[in-house]
Number of protein chains: 4
Amino acid sequence: MTLRVRFAETDQMGIAHHSSYVIWMEAARVEWLRERGLSYKALEESGVSLAVSSLRVDYRKSASFDDELELSVTLTALRSRHLTLTYEVKRSADGALVALGETDHIATDRSGKAVRIPSEWVTPLKAHVADPSTT
Amino acid sequence: MTLRVRFAETDQMGIAHHSSYVIWMEAARVEWLRERGLSYKALEESGVSLAVSSLRVDYRKSASFDDELELSVTLTALRSRHLTLTYEVKRSADGALVALGETDHIATDRSGKAVRIPSEWVTPLKAHVADPSTT
Amino acid sequence: MTLRVRFAETDQMGIAHHSSYVIWMEAARVEWLRERGLSYKALEESGVSLAVSSLRVDYRKSASFDDELELSVTLTALRSRHLTLTYEVKRSADGALVALGETDHIATDRSGKAVRIPSEWVTPLKAHVADPSTT
Amino acid sequence: MTLRVRFAETDQMGIAHHSSYVIWMEAARVEWLRERGLSYKALEESGVSLAVSSLRVDYRKSASFDDELELSVTLTALRSRHLTLTYEVKRSADGALVALGETDHIATDRSGKAVRIPSEWVTPLKAHVADPSTT
């Protein structure tokens with residue numbers, strides 16, 4: 001997934017604000033799912049969310065306004081109610097590693113209660129766990 | 001209502017991004033209602049929203065990180081399904097006028113259909129219309 | 001310019017927050033300039049900004065998470081230190097008009113003082129003014 | 001530091017978006033410094049930034065629109081060029097722990113190069129390291 005740093009995403013240090021990465025990681029997650037035939041919109045409409053239970057970002061280089069960034073996503077763990085994704089943010093121009101991220105998710109119903117990830121999602125996700133030994 | 005410009009609200013021009021004002025105006029609107037005994041949260045929970053149907057902002061001076069700003073709100077029009085609010089954003093330090101804003105709202109139900117503003121809101125709002133001749 | 005509504009851009013009404021449009025209009029403006037050979041990043045690096053002096057948005061329909069939107073930009077006025085752009089936001093799926101916007105800009109130097117739009121920008125911009133009679 | 005969840009900070013799950021916490025933690029950091037006589041704005045103006053080098057957030061409970069939240073900040077590590085802060089986000093109404101966070105910072109000059117934290121900052125910060133054994 002490729003995106004450009006928006007002007008609104010910069011701060012007065014002249015670089016992309018660190019909170020912007022969290023939003024980019026979410027956008028990359030939604031695209032990663034779509035490419036695997038999974039619509040996060042449809043999941044939400046069915047009443048299930050993949051709530052973020054924890055978040056980590058390591059910032060390696062800064063990203064500037066108008067930089068084109070490439071985000072790659074890896075599913076590193078999948079359990080009945082949880083999954084973990086990792087992210088790499090690279091600058092398209094020179095391939096520099098800009099940031100690494102990780103998010104843990106818990107499947108929840110509309111009341112926020114933990115539920116099983118729907119079975120129609122588990123099968124395609126299983127095919128994409130990066131290292132099956134970690135599941 | 002008083003707030004401080006957050007670092008995340010600045011951009012690489014070194015000033016508050018113009019979209020931040022839209023969010024401040026919304027926060028000021030919610031506080032203005034609260035001070036009049038009206039909980040926007042409760043209105044939403046009852047199934048009614050005051051959707052923004054149009055928005056205008058005039059930027060007069062820039063606001064910088066950590067500036068304390070004072071937002072004042074005026075209800076300038078109130079009809080059965082619509083209302084209009086205007087906003088003044090001033091810098092606390094010197095009273096300088098930073099921006100003027102205006103939002104039009106339409107009361108909607110959860111499906112987005114226009115509905116009447118609930119009667120328990122109309123009475124207190126009526127008492128606060130800036131110029132009754134405009135209603 | 002085409003974009004998808006990000007999850008972070010929605011609010012609890014279940015639709016894109018009205019402040020998101022302001023950020024999309026900015027992103028569309030930067031792309032519109034790029035397509036005309038004008039790099040807003042390079043302009044900023046040269047010390048000139050096109051500060052937003054006023055903003056108007058009319059919201060016609062709501063946009064939902066994951067909707068693909070098409071933004072079109074028109075330059076409607078161009079003076080020595082000012083320009084005005086208008087925006088149309090349409091939903092790709094059905095072509096529905098979601099919003100109309102307008103921004104006025106003033107060219108400023110790093111201290112925020114009004115300056116002339118650089119001549120190397122004026123010529124290409126002149127070729128794209130929608131209706132020369134309005135300038 | 002106390003804040004209220006803004007409507008714009010919610011998402012279509014009806015709760016505060018997970019990226020909002022990152023911005024609140026930053027706002028709390030700036031206030032924590034101010035209470036110790038340290039102006040982050042002045043630091044930036046002197047050419048030194050405390051860039052975020054890594055970020056962690058654990059989400060325990062959701063926060064809703066209009067919830068009043070209390071953020072407490074602890075300085076847990078201080079070195080010549082680095083510092084680490086931790087954060088607790090609690091709901092004022094019932095004291096519930098909403099989230100825990102941690103940010104690592106590196107002092108940088110305007111070019112992004114690591115520099116020493118200015119001596120006039122080190123002394124007051126030293127007095128506030130939570131557990132001197134961790135420095």
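In this predicted model, 20 residues of chain A are in contact with 20 residues of chain C. Chain A also touches chain D, where 21 residues on the A side are in contact with 21 on the D side. So let's take the two interfaces in turn, starting with A and C, because interface size is often given as the accessible area lost when the parts come together.

**Chain A with chain C: area and contacts**

- Together, chain A and chain C bury about 1,800 Å², and 54% of that sits on carbon and sulfur atoms.
- Salt bridges are part of the picture here, with six counted between chain A and chain C.
- One of them pairs the side chain of Arg4(A) with that of Glu31(C), at 3.8 Å from N to O.

**Chain A with chain C: who supplies the surface**

- On the side of chain A that touches chain C, the elements giving two or more residues are strand E1 (2-4), H1 and helix H2 (40-45).
- H1(A) brings the largest share of that side, at seven residues.
- Sorted by class, the chain A side facing chain C has ten charged residues, nine nonpolar and one polar.

**Chain A with chain C: symmetry**

- Turn chain A by 180°, with a shift of 0.0 Å along the axis, and it lies on chain C with an RMSD of 0.0 Å.
- The two copies are therefore related as by a two-fold rotation axis.
- Within chain A, Leu3(A) has the C-alpha nearest that axis, 4.9 Å from it.
- Both copies use the same surface, as 100% of the contact residues of chain A recur in chain C.

- Three residues stand out on the chain A side: Met13(A), His18(A) and Leu55(A) supply 29% of the area that chain A buries against chain D, more than any other three residues.
- Don't go looking for salt bridges between chain A and chain D, as the count is zero.
- Polar contacts do turn up, with eight residue pairs between chain A and chain D (both at pLDDT 80 or more).

**Chain A with chain D: who supplies the surface**

- Helix H1 (18-35) and strand E2 (49-59) of chain A are the elements that give two or more residues to the side touching chain D.
- The largest share of that side, ten residues, comes from E2(A).
- By class, the chain A side that meets chain D has eight nonpolar, eight polar and five charged residues.

**Chain A with chain D: strand pairing**

- E2(A) and strand E2 (residues 49-59) of chain D run antiparallel and are joined by five bridges.
- Leu55(A), already named for its part in the buried area, has Val57(D) as its bridge partner in E2(D).

**Chain A with chain D: symmetry**

- Chain A superposes on chain D (RMSD 0.0 Å) by a rotation of 180° with 0.0 Å of shift along its axis.
- For this axis, the nearest C-alpha in chain A belongs to Arg56(A), at 2.2 Å.
- The copies meet through the same surface, because 100% of the interface residues of chain A are also interface residues in chain D.

Methods:
Residues numbered from 1 in each chain as written. Chains lettered and ligands numbered in written order. Predicted model: local features only at pLDDT ≥ 70, side-chain atom pairs only at ≥ 80, totals over all residues. Heavy atoms only, no water. Contact = heavy atoms within 4.5 Å. Buried area = accessible area lost by both parts, 1.4 Å probe. Salt bridge = Lys/Arg side-chain N within 4 Å of Asp/Glu carboxyl O. Polar contact = N/O pair within 3.5 Å; in protein donor to acceptor, adjacent residues only side chain to side chain. Helix = DSSP H or I, 4+ residues; strand = E, 2+ residues; numbered from the N terminus. Nonpolar A, V, L, I, M, F, W, Y, C, P; charged D, E, K, R; others polar. Pairing = 2+ DSSP bridges. Least-squares fit on C-alpha atoms with pLDDT ≥ 70 in both.
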